[in-house]
Amino acid sequence: MEKQIKSLVSDLFDVDVKSLSLKSSPDDIEKWDSLGHMNLVAALEEEFEIELSDEDIDDMANIALVINIVEGKIL
């Protein structure tokens with residue numbers, strides 16, 4: 001799951017996957033702005049066939065939290 005989400009983030013925001021950590025966030029990734037965040041939400045929903053709530057979307061503040069939220073939706 002972590003590798004899959006980091007790969008998605010890497011592709012979406014055009015950053016090297018090796019530079020990403022669980023703490024990577026919009027503060028570290030230039031293209032992870034409000035529009036980028038919504039693109040990430042759409043990509044996650046499509047990739048994992050899930051639906052994220054407004055609360056989930058607001059809580060996705062770093063990669064670790066993204067992983068936890070997605071895992072909670074598919075388990």
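Reader: How do you know that the span of helix 2 agrees with what its 15 residues should give?

Author: In this predicted model, the end C-alpha atoms of helix 2 are 21 Å apart. The expected span is 1.5 Å times one less than the number of residues, which for the 15 residues of helix 2 should give 21 Å, so the two values agree.

Reader: What marks the start of helix 2, and what comes just after it?

Author: At the start, a side-chain oxygen of aspartate 33 reaches to within 3.3 Å of the backbone nitrogen of leucine 35. Since a polar contact requires a pair of N or O atoms within 3.5 Å, this pair falls inside the limit. Just after helix 2, glutamate 49 takes a positive phi of about 55 degrees.

Reader: What makes the phi of glutamate 49 worth a remark?

Author: Most residues other than glycine have a negative phi. Glutamate 49 is not a glycine, and yet its phi is positive, at about 55 degrees. Glutamate 49 sits in the loop between helix 2 and helix 3. Its relative accessibility is 74%, and because exposed means over 50%, glutamate 49 counts as exposed.

Reader: Where is aspartate 14, and why is it called exposed?

Author: Aspartate 14 lies in the loop between helix 1 and helix 2. Its relative accessibility is 61%, and the cut-off for exposed is over 50%, so aspartate 14 counts as exposed. Aspartate 14, which is not a glycine, has a positive phi of about 55 degrees.

Reader: Which residues of helix 2 are buried, and what do they pack against?

Author: The buried residues of helix 2 are Gly36, His37, Leu40, Val41, Ala43, Leu44 and Phe48, and they pack against helix 1, helix 3 and helix 4.

Reader: How do you know that the buried residues of helix 4 line one face of the helix?

Author: In helix 4, the residues that are buried are Ile63, Val66, Ile67, Ile69 and Val70. Seen down the axis of helix 4, these buried residues fall within an arc of 170 degrees, so they line one face. They pack against helix 1 (2-13), helix 2 (34-48) and helix 3 (54-59). Helix 4 itself covers residues 63-74, and its 12 residues reach 17 Å from the first C-alpha to the last, close to the 16 Å expected at 1.5 Å a residue.

Reader: Why is asparagine 62 called buried, and which residues does it touch?

Author: Asparagine 62 has a relative accessible area of 19%, and because buried means under 20%, that value places asparagine 62 among the buried residues. Asparagine 62 belongs to the loop between helix 3 and helix 4. Leaving aside residues up to four places away in sequence, it touches Leu22, Lys23, Ser24, Ser25 and Trp32. A side-chain oxygen of asparagine 62 reaches to within 3.1 Å of the backbone nitrogen of alanine 64, at the start of helix 4. A polar atom of the side chain of asparagine 62 also lies 2.8 Å from the backbone nitrogen of leucine 65.

Reader: What makes serine 10 and leucine 20 count as buried?

Author: The relative accessible area of serine 10 is 11% and that of leucine 20 is 7%; the cut-off is under 20%, so serine 10 is buried, and so is leucine 20. Serine 10 is in helix 1, whereas leucine 20 is in the loop between helix 1 and helix 2. Not counting residues up to four places away in sequence, serine 10 touches Val15, Asp16, Val17 and Leu20, and leucine 20 touches Lys6, Val9, Ser10, Val15, Ile29 and Ile63. Leucine 20 and serine 7, which stand 13 residues apart in sequence, are 9.2 Å apart in space, C-alpha to C-alpha.

How values were computed: Residues are numbered from 1 along each chain as its sequence is written. This is a predicted model: local features need pLDDT of at least 70, side-chain atom pairs count only at pLDDT 80 or more; totals for chains, interfaces and linings use all residues. Side-chain values use heavy atoms; hydrogens and water are left out. Helices (H or I, at least four residues) and strands (E, at least two) are DSSP runs, numbered from the N terminus. Buried means under 20% relative accessible area, exposed over 50%, partly exposed in between (1.4 Å probe, protein chains only). The arc is that of the directions from the helix axis to the C-beta atoms. Contact means heavy atoms within 4.5 Å. A polar contact is a pair of N or O atoms within 3.5 Å; within protein, one must be able to donate a hydrogen and the other to accept it, and residues adjacent in sequence count only if both atoms are side-chain atoms.
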